[in-house]
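Visitor: I am new to this structure. Please show it to me, and then let me ask a few things.

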Amino acid sequence: MIERGHHDMGGLPAGKVRRSEHAYDDWELRVDALMMLLIGVVGESRRMTVDELRKNVEALAPADYDKMGYYDRWVISLTQTMIQRGVITTDELARKLEQVRGLSPISRRKRTRRR
Amino acid sequence: MTLEKLGTVPLYSIGDRVRVRDAAPLGHIRTPFYIRGHAGVVERICGAFPNPEELAQQRDGLPAQPLYRVRFRQQDVWPGYRGNPADVIELEIFQHWIEA
């Protein structure tokens, strides 16, 4: 049996909490916006639930989970969910990734989140 | 959403002493590991919501599950807790994770 999921770390030693303000890359803001659209917080068409996002984040391999940032986990998870729901296929995703590889990277300018 | 509208009747009331089920199922679980098996007191009834464990599996999560805010004593939850004995921690727990 799996007693405790890797993500379920409440109460375990974790070191100090950094209290500094976070800055976000443009791609992270885009992932956030994409998620708001997919779960129907913004717009009319709901394509998934936040619970599916959490399920697929929790399904990450522990080593990947630990080294990924918050939005790294989100973008992997929402992509898995779109595959599971049949919105995109694995093959379509593979071909698109090949197509965009080598294009000039999108702006990585840091931006402070306003919320 | 009111509980009546959803046709969901809460089994527990404010002030009831309840225990979180000590279970380890598979799937997406909203009840943290550290609180399973612990007893606390119902502080409020938050409403009723589609079951997130079902929503995570592309199902509708109905009937909605009552959600309780349960108050636990910190010294009950953490072995060797050295803070104020009056300290509490509150968690929101769905009804299907609660037993009397």
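Visitor: How far does helix α4 of chain A reach from its first C-alpha to its last?
Guide: This is a predicted model. Helix α4(A) covers residues 70-84, which makes 15 residues. At 1.5 Å a residue, 21 Å is expected. The helix comes close to that, with a reach of 21 Å.

Visitor: Which residues of α4(A) are buried, and how wide an arc do they cover around the axis?
Guide: The buried residues are R73(A), S77(A), L78(A) and T81(A). They lie on the same side of α4(A), because their arc around the axis is only 120°.

Visitor: What do the buried residues of α4(A) pack against?
Guide: Their partners are helices of chain A. These are α1 (26-38), α2 (50-58) and α3 (62-67).

Visitor: Which residue just after α4(A) takes a positive phi?
Guide: Look just past the end of α4(A). The phi there is about 80°. The residue is G86(A).

Visitor: In what pattern do the helices and strands of chain A follow one another?
Guide: Chain A has five helices and two strands.

Visitor: Is R46(A) buried or exposed?
Guide: R46(A) sits in the loop between α1 and α2 of chain A. Leaving aside neighbours within four places in sequence, R46(A) is in contact with I39(A) and G40(A). R46(A) has 11, so R46(A) is exposed.

Visitor: How far apart in space are R46(A) and A14(A)?
Guide: In sequence they are 32 residues apart. In space, C-alpha to C-alpha, the distance is 36 Å.

Visitor: How many charged residues are on the side of chain B that touches chain A?
Guide: In chain B, 11 residues are in contact with 13 residues of chain A. By class, the chain B side has nine nonpolar and two polar residues.

Visitor: Which residue in β3(B) is the bridge partner of V41(B)?
Guide: Strands β2 (residues 39-49) and β3 (residues 65-73) of chain B run antiparallel, joined by seven bridges. V41(B) has its partner in β3(B). That partner is R71(B).

Visitor: Which residue in β4(B) stands opposite Y68(B)?
Guide: Strand β3(B) also runs antiparallel to β4 (residues 88-94) of chain B, again with seven bridges. Opposite Y68(B) stands I93(B).

Key. Residues are numbered from 1 along each chain as its sequence is written. Chains are lettered from A and ligands numbered from 1 in the order in which they are written. This is a predicted model: local features need pLDDT of at least 70, side-chain atom pairs count only at pLDDT 80 or more; totals for chains, interfaces and linings use all residues. Two strands pair if DSSP finds at least two bridges between them. Helices (H or I, at least four residues) and strands (E, at least two) are DSSP runs, numbered from the N terminus. The expected span of a helix is 1.5 Å times one less than its number of residues. A residue is buried if 20 or more other C-beta atoms lie within 10 Å of its own, exposed if 12 or fewer, and partly exposed in between; C-beta atoms are placed from the backbone. The arc is that of the directions from the helix axis to the C-beta atoms. Two residues are in contact if their C-beta atoms, placed from the backbone, lie within 7 Å. Ala, Val, Leu, Ile, Met, Phe, Trp, Tyr, Cys and Pro count as nonpolar, Asp, Glu, Lys and Arg as charged, and the others, Gly among them, as polar.
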